[in-house]
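These are my notebook entries on a structure that I had not examined before. I record what I looked up, one topic at a time.

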Amino acid sequence: MFSIRRAATKMGARPAKNSLQIIPSRNFAIHKLKGKLAEMIPVVQGRLNTLKKEHGDKVLETVKVNQVIGGMRGMTGLVYETSKLSATEGIRYRGHSLDEIMKMAPSFVEGGSPAPEGILWLLLSGEYPNKQELDDVVIDLKERSYIPEETIELIRSFPKNMHPMTQFSMGMLACQSMSTFAQHYRAGIAKNKYWEAMFDDCINVVAKSSKVAALVFNNIYHDGKHLPEFFDDKLDFGAKYAHMLGYDSEDMYELMRLYLVLHMDHEGGNVSAHANRLVGSALSDPYLSFSASLNGLAGPLHGLANQECLRWYLEILDKYGKHWNKDDIVEHVHHTFDSGRVVPGYGHAVLRKTDPRFTHQLEFGLTHFPTDNLIQLVNACYEVIPELLPKIKPSIANPYPNVDACSGALLMHFGLNQFDYYTVLFGVSRAFGVMSSLLWDRALGLPIERPGSVTVEGLLEKAKNLD
Ligand code: CMX
């Protein structure tokens, strides 16, 4: 199996000009993973062709007017291979529930958080890696994490008051000059080779994301001066990211691994996954797609909710002190509604039960630091809010906590209190999911997205004629 890549001095390092050629994958595990994909892809392509040929004109489901108004809400409109969301059970990565992943996935600490590198392997191939494969992916991601000096300088030039997500998105975009896919596309690569040309980009985006994110952290909160060593060969991806932010306890390493795994993927229709896929469908390379994904994640109804959520808990602590009680929570929820705001961390467009991503984070907090006041507050809110919300707002479809309702409290415990930065952590995690799915989009030759649209007047006319 060969990977199409410029003849680079080191994987992820700046390639020499005009040196496009096909060279073997250097790392055995990545070579093996690519080989596995090369076997899987024709099988799935075959199924897709059968679908198109034999069932392409069948009507799958009817579409309600409200679904059109609601931005294609709930319509089955995308093929997405890496994960699927159940309204009642939460996300499954390649068919594996989070409960199962917590038990079965390889980890660096026995019985501890799953290894993010192992879940990258799972998302791409549908299987867990063995020990050797996992160790090799850890090394490979390290080798691919090179960031050009001019990108580092660019990030250091960003004003401190520019939001961390804006800096992260721009930093990733600035790495786009390293896209192997863009180079090969320009050189006239055949359509059936797109996924191979994109493979390195997808893995490189994941590998570089934590370093760009750490540079942003350093630029904003440490004046660009105190970045810990980029390379620490003992550390895996999650631990190294924590290390680059300046956190070096084993518990924080475990939290970071857990955080990365839980936030990776949430099927194809959420804003960040869909933005990534939409932009990629124009054959924009993975750096362009990922930056678009981050811009969507930066919205307060999506990834920014985690910082909003922590702010909301801190409002309670400010108002009632650390001896708050459940009545105080009820009062603060009412106050939130009275001021025309939503209760952050609660509700979901698809889920209709407690998000298992929340449950696993709360479990981590209650296991590692059960007496932490903020964790106790998160737990108490979970006991109060799901019953309270429908009483105040009967139309709420899901009164249960989502992924954002606990993460801030866990990070605060370790002293990571720069909560404007929290969505960047979410973005690094999301790289694993959206890059895996983007690779599959190109492997399956999915076309450019182009849904139809309609004016309000036009929709009204259509609707009137329906009955
Ligand atoms: N607090 C107050 N009101 C809420 C609410 C909440 N947490 N969640 C929903 N509602 C309201 C909606 O605003 C809507 O009100 P109107 O009819 O007056 O417009 C009504 O309840 C019905 O909404 P819904 O169908 O239950 O929810 P949506 O699918 O429209 O929206 C979401 C989903 C996540 C945007 C919404 O629940 C929300 O704003 N939650 C708080 C923000 C948050 O936690 N976002 C993170 C989501 C996870 C992620 O995608 O990253």
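**Entry 1: Arginine 94**

I began with arginine 94, which counts as buried because its relative accessible area is 19%, and buried means under 20%. I note here that the model is a predicted one. I placed arginine 94 in the loop between strand S4 (90–93) and strand S5 (96–97). I then looked up its backbone: phi of arginine 94 is near 50 degrees, a positive value in a residue other than glycine. I recorded this because most residues other than glycine have a negative phi.

**Entry 2: Methionine 72**

I turned to methionine 72, which also is not a glycine and has a positive phi of about 65 degrees. Methionine 72 sits in the loop between H2 and strand S3 (83–86).

**Entry 3: A surface patch**

I looked for nonpolar residues on the surface. Val63, Val68 and Val454 form a nonpolar patch there, and together they have about 200 Å² of accessible area. For valine 63, I noted a place in the loop between helix H1 (28–55) and helix H2 (65–69). Valine 63 counts as partly exposed because its relative accessibility is 45%.

**Entry 4: Threonine 336**

I located threonine 336 in helix H15, which spans residues 326–338. With a relative accessible area of 0%, threonine 336 is therefore buried. What does its side chain reach? I found that the side chain of threonine 336 reaches the backbone oxygen of histidine 332, at 2.7 Å.

**Entry 5: The ligand**

Last, I examined the surroundings of the ligand. I counted 19 residues around the ligand, and the closest are Val343, Gly345, Tyr346, Lys393 and Ala397. By class, this shell holds 10 nonpolar, six polar and three charged residues.

For valine 343, a polar backbone atom is 2.8 Å from a nitrogen atom of the ligand. For leucine 301, a polar backbone atom is 3.4 Å from a nitrogen atom of the ligand. For alanine 397, a backbone N or O atom lies 2.8 Å from an oxygen atom of the ligand. How much of the ligand's accessible area does the protein cover? On its own the ligand has 890 Å² of accessible area, and the protein covers 73% of it.

How values were computed
Residues numbered from 1 in each chain as written. Predicted model: local features only at pLDDT ≥ 70, side-chain atom pairs only at ≥ 80, totals over all residues. Heavy atoms only, no water. Near = heavy atom within 4 Å. Polar contact = N/O pair within 3.5 Å; in protein donor to acceptor, adjacent residues only side chain to side chain. Areas by Shrake-Rupley, 256 points an atom, 1.4 Å probe, with all protein chains shown as cover. Nonpolar A, V, L, I, M, F, W, Y, C, P; charged D, E, K, R; others polar. Patch = residues over 30% accessible without salt bridge, like charges linked within 9 Å, V, L, I, M, F, W, Y side chains within 5 Å. Salt bridge = Lys/Arg side-chain N within 4 Å of Asp/Glu carboxyl O. Helix = DSSP H or I, 4+ residues; strand = E, 2+ residues; numbered from the N terminus. Buried < 20%, exposed > 50% of the residue type's maximum accessible area, 1.4 Å probe, protein only.
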